[in-house]
Every structure is written in structure tokens, then in C-alpha cells.
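Please look over the sequence and structure shown here before reading on.

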Amino acid sequence: MYYMIILLVYGAVDAIACLGLSLQFGVAGVTNFGFIIFQAAGAYTAAALALPSDSADGGFQTYVGGLNLPFPLPWIGAAVAGGLLALPFTFLVGRRLRGDFAAVGLLVTAVLLNLLATNYRPLFNGDAGMALVPAPLQQGMFVTGSNAYQLGFAAGAIILAAAVYWFVRRITESPYGRTLRAMRDNDKVADSLGKNLLSLRTGVLVSGGAIAGLSGAVLVSFIGVWSPAAWSYAETIVLFTAVIIGGAGNHRGAVLGALVVPVGFEEITRFISNNNPSLPPNLLPSLQWVAIGLLIACFLWLRPRGILPERKRLIPAAPTWTQRMLRRAPATLPRAATLPEPDSLPRQPPQAAAASGPGLAATAAGPRTGTGAGVVAADSAAEILRAVGVSKDFGGVQAVSEVTLSVRRGTLTGLIGPNGAGKSTLLSLLAGTERVSAGNIIYAGQDVTGAPAYRRARAGLVRTFQLASEFKRLTVLENLLAAVPGHRGDSFLGAMAGRRYWHADEVGAIARAQALISSFGLTQHANDYAGDLSGGQRRLVEIMRALMTEPDMLLLDEPMAGVHPELARTIGDALRALCQDGMTILMVEHELAIMDEFCDPVIVMADGRVLAEGTMTELRDRSEVVEAYLVG
């Protein structure tokens, strides 16, 4: 009976921890190899808050804290400690390191903190660890240590695990969760659509850290001891194994993985005895880790998506969805919510934009020229984007050199040049995906040179990429919904407020997305994974997704590359119609016939510089343009 209670508690603790890791790794794509740090922080905090002063019990152990606080304060403190500890890591992961580099940095930090706790005894009693941690509710109706008490503890742990499951599911099944999954699939594209990656990573790291800290509090309260040996980096590998085998991105899979790996797999190996004195005494623990490694390898090879793969989220058609949601809608749902609107650069009408840049008119004066020095617009009121002396240096290689150009409102402007001319790099600089080495970028009368990509996107300057950059594990409809600006459910607080808070925005967004999909002829693929589409269809998804941001200006990087000529013409007609409706487009394209048919004016780049500007007919008569293409 007691052994079964132990398994129940361990299963609940591991389920809580795996849910936190599933939120970070499976949903948001943050590979947190230092996850065990936060569980340890919660365990130490709960112990320090629950224990009396270290002078008690004969002073045989030394530690900070010793506040002897009643339950549930130690557990609350543990969750807060785990969340607070995550804050410094958000700047490490969000600003400096990405992907594998962040994972290695977190792993190294876990090892260093373990060494600190082991060797600095005044902190948490060194390698001996903390003992005699009081169990919760010792003065309750059950005697601490009795089966009735332990069974009640197990029931409480299971209820807590269920609450954590509800919490992470509420996040995941919201527009905020959709944005997290978009960031997981392609963070650079999410950034270009107006998503603040630092804020998103902060949310999942703090939430996951708090959940991990809570799991550590439950565990230390049950076993009564905690030492550095309990949280080596290898324990994180066990949790990752559980999430991968259960199904990354599926919270039910995370719970299943917790029961299969940390509880089931490890507990089964405890029944294997080593009575042969000729064998090393640590053989079985070593073989256990070998078995775990083989288990990961087998699942990654045979079933990479786990036992319970992440499910496809099918969104019903707008009319049915609307009817159901309106029946559940409250009588009033004010738009002025308590949640703050996302920070962004102001969007301005043309007149205001022209008036807001007093120094711009002087620099824009003069006739339009097509010299290597750049392009100068004569009418600043018609100008929406200007680059002045923009350069980009990659380790001594000058990809873009002193480019000055302007784009007028409502035009479909082409940007051509031979391979290596710097066209895609220039688009990255204009969109904020890359930082300029020198020069200035003016958009809608505002200097956005130092603004990150997500701020420019929120201001209406949105880009696409040279290679197809769809969110592969999101459906076509989800790809479009992930780009909706100002959605009330697209924040942590909005997600926690619940569906009744943000469903009105969702209904409108679904209707817009379905209309856009229909206009591009992809209705039958609306609920297909975007990564399963053909190359041309993925290009359409990328263009539609950019349009969902309601941009004032689009920067398109070879939108018709690899697209069937008939589909390319359809795309060109759609882009021209958008410009007639007031949108501005700057498009990089290699097919000169497309430029000739759809773009006016066309800007030519070569060797990182602007070479000329004009219509394609005019440019064909320019000897320097012909020479650049022949040489390129």
C-alpha cells in the first residue's frame, strides 16, 4: 500500500514537471536543458520556508531561511522562486542566445549551480543537503507518516497535477498558444509578423519555471530531504525523454511520458538485483542510463512524434463557429480591456507621415535620378519608405554599401539584380530582421533604424522571405490566424482570461482568414498542415499570412520563385490590385518578364549598391545594367 502511494506521488510530481517542460519545449520550442534548476530552486525554497531556524535540531545543518511558515506558503514561495529564477535566463535566451546555443548555456548553468550548492555549505548545507523538512498540515486530522496521511498527500498531489494540466492547456488552446507554436516553428518569421519574441520566451520560461518549482516543493515535502545529488543535469534528460516519448506538444502525452519513463521505467529497474560480486557495484545504474539513451534513439527513429503526437487543430467554418460562440457570449464585451495593448510604432496616414518628418523634405529635394549614389524622391509626401546611406558589413564582407533609395506610396516597386547583389540583405535591413551597420531607415516619417522587426511589423512594414517560411506544424488557417494583429487572446493575460474574453476577436479573424484563403483558391487546404503543401501553395500561404497583418507596406522576397507561370501571373495580378487599393509593395524578383509586366518603377542593385531606377524598358537601354547582369 505504502509503495503504491509513493508511486502515485512520484507520478504526480513528474507529471507536473513534464507539463512545465512540455509548455517550454513542446509548445514554445525553448530547449531548456537547465530545467532541473527550477525544480531544485522550488525544493530548496520550500524547505527553507518550512524548516525552523538552522539552530534547531542541534544545529547539525546550516541553511538560509528557516522561517517555519505554515502550509501552503512554502509551496507558493517555491513556485514564485522558480518563476523569478527564470527571469535572468529570459535575457540570456531571448536576446543573446538562440536554439542550440541557448540549450547549451542553460545546461552549463545547471552544472555550475549544482557545484555551487554542493560546495558552499552556508547556502543549503552543501552536499549533505537539507533534511527533516516538515510535511504539510502536520497538525491536521491525520498523523504524519500514517497511511491515511500519505494517501491524502497523494490525492492532493494528483489534484495539483490536474490543476497544472488545466493551466497549461488554457495557455496552449488560446491564440497565445498558437503564437507560441508559431515561434517554435520559425521564430524569425514570427518576429517579422509583429511577435515580441523576448516577451513570449519570458512568459513560457517564467511559467515553466514556476511549475517546476512547484513540483520540487511537492517532492521535498513528501520525502523530507533534498540534496545536490537529487538534481544533476541527468535528471533533465529523464524529463526530456518523458516529453519526447509521450509526445512533444501534447500535454496528455507529457503526463503519459511521466508515468512511463521516470516512474515506470526507473522503478522497474529497481527490481533488478546485482548479486554477482564480480560485477561493478554501479553497473545497474549505468545500464539504466544506457537504456534511457537507447529508448530516446528508438523513438526518434521509429516514432519521432511520440506515443500521443501533437494533434491537428481543426477550426470549424466561420458561420458555425460564430453561431456557437455568440450563444456563449456575455451580454457585454467591452473592447477596452484591462490588458495593455502591445507596444508599437504609430501608424500614420500619408499626410501625417509627411508632416511628421520636417527634416525629410530637404534631403528628399531634387529630381529623381538613377545614379550609383542612390535614388532621391522629389515628392516626400508620396514617400512611405526611405533608406539613406544604408550599409551592412558581415565580418568584413560588404553585403550592402551606402544604399539610398525611396519607395512611393501605392506603388508596386521592383528590386532586381544579379545573384549576390544584396537584394535580400537590403530587405532584411528595411524590415529590421538584420541591423544596419551604417545609415538610416525612415518609414512613414519615423526613423525606425533602431526599431526591432516586430515593432516595424506592428507599424505596418511586413516582409516575406526568400525561402518558403510557413509554420510547418500549423494548418494553413492557423498560419493566417497567427499573424492577426491586436488579438486580445494573443497574450499571456488574455489567454488566462479565457475564451469568453477573446472569442469575438477570434470569430472576426477566422472570417477574414477564410475569405482570404477562398480568394486565393486554397479553401480545400485550409485545415492541411502548411508544411505538406506544394512550393507554390506555400508561397501563397506566406503572402496571405502577410496580408493578415493588415500591412501598409509589404516587402516581398522572390514571392514567385518556383511557382508555376500561371500561378505567378495570378499572384502578380493580386499584388497589383492591392497597390491600387492603397498598399505599397517592394518586391525582389529574378524573372524580368514579371517585373516588366507588373512593376513600375524598378530599382537595380549590383555589388551591394543601387545602380539605376526606371521602367524595365528604360533599364534595358542602360549599358551599366546590361553589363551588371552579364557579369553577374
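Met553 has Thr584, in β8, as its bridge partner. The two strands concerned, β7 (residues 553-557) and β8 (residues 584-588), run parallel and are joined by five bridges. This is a predicted model, in which local features need pLDDT of at least 70 and side-chain atom pairs count only at pLDDT 80 or more, while totals for chains, interfaces and linings use all residues. Residues are numbered from 1 along each chain as its sequence is written, and side-chain values use heavy atoms, with hydrogens and water left out.

**Sheet**

- Six strands form an open sheet with mixed pairing, in the order β6-β7-β8-β3-β9-β10.
- β6 (461-463) and β10 (609-614) are the edge strands, each with a single partner, so one side of each has no neighbour in the sheet.
- From one strand to the next, the twist averages 20°.
- Strands (E, at least two residues) and helices (H or I, at least four) are DSSP runs, numbered from the N terminus.
- Two strands count as paired if DSSP finds at least two bridges between them.

**Helix on the sheet**

- Helix α16 (residues 423-431) lies across β3 (412-416), β6, β7, β8 and β9 (602-606), at about 150° to β7.
- Angles run from 0 to 180 degrees between N-to-C directions, with axes fitted to C-alpha atoms, for helices over the stretch in contact.
- Contact means heavy atoms within 4.5 Å.

**Confidence**

- The mean pLDDT (the predictor's confidence in each residue, from 0 to 100) is 84 for the protein, and 84% of the residues score at least 70.
- Helix α15 (residues 360-364) has the lowest confidence, with a mean of 31, and helix α18 (residues 476-481) the highest, at 97.
- Where pLDDT is low, the predicted coordinates should not be read in detail.
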